[in-house]
Amino acid sequence: MEKLGKLPKLYLAIIFITLYAPIFYLIFYSFNSGGGMSNFEDFTWEHYAAVFEDKRLIIIVLNTIIIALLSALLSTAIGVIGALAIFFMRNKKMRNAVLSLNNILMVSPDVIIGASFLILFTMIGVKLGFASVLISHIAFSIPIVVIMVLPKLSEMNISLIDAALDLGASRKDVMTRVILPFIKPGIFAGFFLALTYSLDDFAVTFFVTGNGFSTLSVEIYSMARTGISLTIKALSGLIFIITVALVLGYYAISRKSKTPLAGVKK
């Protein structure tokens, strides 16, 4: 039994090593003064300095961050409204149909979504660039937010809403003081997932981006044909560290938000 108890831990250790070893390998050689991914010569910060000296690269990074933040904020707002609409639907068949349509978007291949948006933007005359990328990212992020918020709504006791209405609360008060505080962990989860998906997305962005506008994933793909410099690897290391910080921040916020909810349940 003890041996069987160690197997899951060993399996997890192998999985984490497989996933994270290439990342740490990349970060390690981003400090290599030799300029390659082998024969580490000496420690240097020059590749990280080059990241901040490359104005075009900084603009592309800013494009990526702005798109990610805007799409995450807007998709979170729309997704919360959508989740509330689905949850309070009285017709169960209609609710299941809408939820199924939402889930289909979650599992649809990115290539199909990207190609569909490209055809749509071409037909209606939307110029490919910032607007087309932003609209696409909002569209594929909304289902993610809906999926994150709906479970929290399902956990909520409906009697809380009835009690608030009986005590004279308006519908606005019920929404802002009862429902939204309860589902706040789901909202934060949806926001951070939407932010992550937007930052990482390549397939959809590749179809809908245009000349003069690019995101980091598309830029790295174009560089891969001729060879990616250690400057890009240094930038990848920075992004990985920032991503870890965001995840840790999300968990810290989640733990704090759970404390008052636990008190309400008691």
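Buried residues (under 20% relative accessible area, with exposed meaning over 50% and partly exposed in between, for a 1.4 Å probe and protein chains only) make up 34% of the 266 residues in the protein. This is a predicted model, in which local features need pLDDT of at least 70 and side-chain atom pairs count only at pLDDT 80 or more, while totals for chains, interfaces and linings use all residues. Residues are numbered from 1 along each chain as its sequence is written, and side-chain values use heavy atoms, with hydrogens and water left out.

Let's start with the overall picture. The secondary structure comes to 11 helices and 0 strands; helices here are DSSP runs of H or I with at least four residues, strands are runs of E with at least two, and both are numbered from the N terminus. The C-alpha trace spans about 70 × 65 × 35 Å along its principal axes. Among contacts (heavy atoms within 4.5 Å) with a separation of 6 or more, 72% are between residues 24 or more positions apart.

As for the surface, the accessible area, from the Shrake-Rupley method with a 1.4 Å probe and only the protein chains shown counting as cover for residues, is about 16500 Å², and 69% of that belongs to carbon and sulfur atoms.

| Helix | Residues | End-to-end C-alpha distance | Expected span |
|---|---|---|---|
| α6 | 130-155 (26 residues) | 38 Å | 38 Å |

Helix α6 reaches close to its expected span, yet a kink of about 30° lies at S141, shortly before the proline P143.

Now for two individual residues. F87 sits in helix α3 (residues 55-87) and counts as buried because its relative accessibility is 19%. Leaving aside neighbours within four places in sequence, F87 is in contact with R95, L150, L153, S154, M156 and I158.

Beyond its neighbours within four places in sequence, H47 touches S30, N32, L230, T231 and A234.

Conventions. Expected span 1.5 Å × (residues − 1). Bend = angle between axes of the 7 residues up to and from the residue.
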